[in-house]
Each structure stands twice: as structure tokens, then as C-alpha cells.
Amino acid sequence: MSRSPKDRYPSTAALASDLEHWLADEPVSAYPEPWSTRTRRRIRRHRTLATGVTAAAVVAAVGLWIVLATRAAAERRAAEGRRREADARIAEAESYERNGLIDSERDHRKDAVILLEKSRHTLAKLEATDRLQRERLARVTAELASLDRENGNLDHAFAMYREAIDTYA
């Protein structure tokens, strides 16, 4: 019992009412309930609704996880396809170089430049976290710079060499 009269029940009927509320698992006027107690009480009273909301949240979370996992797998497959495409273009450009077609024939040199540009563009789209991919991109960029230098385009060649160095670093 409180010492201050204003903190006491005004009548025995108010005390009896609070006792009845407490026995019925309802809020009482003697003290404010914490939100956790109110929430537990509401969940106990509305079990069907609480179960339905929980089930819907679980289904939504699983659905979201499935969508995100599917999207990530598709992105990995697309990145792998771009890597394979870049590897094929690099191999084709390297075959031009190995067979001496870049140095001997001007038309083949243009083809090699186009292939190297496409390879560089494809490699640049890939994530640069892989060291091997960065090395390939730097090598292709340096090869393009060499071709630009041989064609007399020195400013562009210098910029391409600088880009190759920055890519490799």
C-alpha cells in the first residue's frame, strides 16, 4: 500500500476491479504495462491471426531468398559467359599475332584491332577483382596501345599504355 493517498485505490470497488482484470489476464490501472507484456497478451488472445502473420512472414522471407539466389546464379552464369566470350576474342586476337597477320597485312591488323577492342570492352565489363582478369585486360589494352603506336597515333597509344598500367596495378 502506498503512503500517499493519491497513489492508492480510491475505493475498494476499484481495487476489486483491478483484481478481476488481473485474474482475467487484462491490463490493470495500478501500473502501465511494458509493450512486451501487451504484445504477448495480444498474441495469446489472437493466436490464429498471429500464426497467420508469422507464416506469411516466413513464406515471404523464403520467397525473397529464392528470388535473390536465382538472380545471383543468373548473374554468375552471365559473368561466366562474358568471360568465355572475352577469352575467345583474346585467343582469336592472339592467333592473329602468332600467325604474323597483324604485322603483315593491314586488313588483318584492322580485324585484330576490332577484336582487341571488343575483348577489352568485354573484359572491362567483368568485375576487376580477379587478378587474372585484370592481367588479361591490361595485356589487351597494352596490345591496342602498341598497334596505335605503330599506326602513328602516339597520343592515344600513350593513354592506352597508361590505362594498361593502371589496370594492372
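Modeller: Start here: the side chains of arginine 41 and glutamate 33 meet in a salt bridge, 2.5 Å from N to O. A salt bridge is a side-chain nitrogen of Lys or Arg within 4 Å of a carboxyl oxygen of Asp or Glu. This is a predicted model: local features need pLDDT of at least 70, side-chain atom pairs count only at pLDDT 80 or more, and totals for chains, interfaces and linings use all residues. Residues are numbered from 1 along each chain as its sequence is written, and side-chain values use heavy atoms, with hydrogens and water left out.

Biologist: Is arginine 41 buried or exposed?

Modeller: Buried means under 20% relative accessible area, exposed over 50%, and partly exposed in between (1.4 Å probe, protein chains only). Arginine 41 has 8% relative accessibility, so it counts as buried.

Biologist: And glutamate 33, buried or exposed?

Modeller: Glutamate 33 sits in the loop between α1 (12–23) and α2 (35–45). Helices are DSSP runs of H or I, at least four residues, numbered from the N terminus. The relative accessibility of glutamate 33 is 12%, so this residue is buried.

Biologist: Which residue forms a salt bridge with glutamate 80?

Modeller: The closest N and O atoms are 3.9 Å apart. Glutamate 80 is partly exposed at 34%. Its partner is arginine 84.

Biologist: Is arginine 84 buried or exposed?

Modeller: Look at its relative accessible area. The value is 52%, so arginine 84 is exposed.

Note on methods:
Helices (H or I, at least four residues) and strands (E, at least two) are DSSP runs, numbered from the N terminus.
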